[in-house]
Amino acid sequence: MSSASERPLGIDELLERVRVDLDRVEAADAFEAAQAGEALLVDIRYAALRDRDGLIPSALVVERNELEWRLDPQGSHRAPEATSHDLRVVVICNEGYASSLAAVSLRQLGLRRATDLVGGFQAWRDAGLPVTT
């Protein structure tokens, strides 16, 4: 429990702290890793954003509130792709903020190679990488 004199941690500071341990990837690197079968791309954007902007063809779509349940290799509700704690997971949100926090949550479940995409889906699309509508 924290003491009353401690200053609450703001979201910007929290993001800065958690990103220190993440080996965040750029869009082109994520694309290459996925194409080579070296990473699982996981799109956590909510449905309205996916409907508006499209999908990354190779990405597994998992709503953020289901992420830990679906990616835990030991979980009873795991996705078939969640095969191992050694799996390299690249979490993708809309702009690369929520994905950092989600990747840290996956690391807490033992997915030590979980990380996220710098700039999120918007960076992917801006890089001219494949998107389906």
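Tutor: Contact means heavy atoms within 4.5 Å. By that rule, and leaving aside its neighbours within four places in sequence, leucine 106 is in contact with Leu67, Glu68, Leu71, Val89, Val91, Leu111 and Ala114. The model is predicted, so local features need pLDDT of at least 70 and side-chain atom pairs count only at pLDDT 80 or more, whereas totals for chains, interfaces and linings use all residues. Residues are numbered from 1 along each chain as its sequence is written, and side-chain values use heavy atoms, with hydrogens and water left out.

Student: Why is leucine 117 called buried?

Tutor: Buried means under 20% relative accessible area, exposed means over 50%, and partly exposed lies in between (1.4 Å probe, protein chains only). The value for leucine 117 is 0%, so this residue is buried. Leucine 117 is found in the loop between β4 (115–116) and α6 (120–126); helices here are DSSP runs of H or I with at least four residues, strands are runs of E with at least two, and both are numbered from the N terminus. Its contacts beyond four places in sequence include Val90, Ile92, Ser99 and Trp124.

Student: Why does arginine 50 count as buried?

Tutor: Its relative accessible area is 16%, which is under 20%, and therefore arginine 50 is buried. Arginine 50 lies in helix α3 (residues 47–53), and its contacts, leaving aside neighbours within four places in sequence, are Asp43, Arg45, Leu55, Val61 and Glu63.

Student: What makes a set of residues a nonpolar core?

Tutor: The members are buried Ala, Val, Leu, Ile, Met, Phe, Trp, Tyr and Cys residues joined through side-chain atoms within 4.5 Å. The largest such core has 20 residues, and Leu106 is among those that touch the most other members. Two or more residues come from each of β1 (40–43), α4 (67–71), β3 (89–92) and α5 (98–108); α5 gives the most, with 4 residues. A second, separate core of 15 residues includes Ala34, Ile56, Val90 and Ile92.

Student: What makes β2 (60–61) and β4 edge strands?

Tutor: Two strands pair if DSSP finds at least two bridges between them. The 4 strands form an open sheet in the order β2-β1-β3-β4, with parallel pairing. β2 and β4 each have a single partner strand, so one side of each is left without a neighbour in the sheet. β1 and β2 pair over 2 bridges.

Student: Why is the pair of phenylalanine 31 and tryptophan 124 called edge-to-face?

Tutor: Rings of Phe, Tyr and Trp (its six-membered ring) pair if their centres lie within 6.5 Å; planes under 30 degrees apart count as stacked, over 60 as edge-to-face and the rest as tilted. Here the centres are 5.9 Å apart and the planes stand at 70°, so the pair is edge-to-face. Phenylalanine 31 is in helix α2 (residues 27–35) and tryptophan 124 in helix α6, 93 residues apart.
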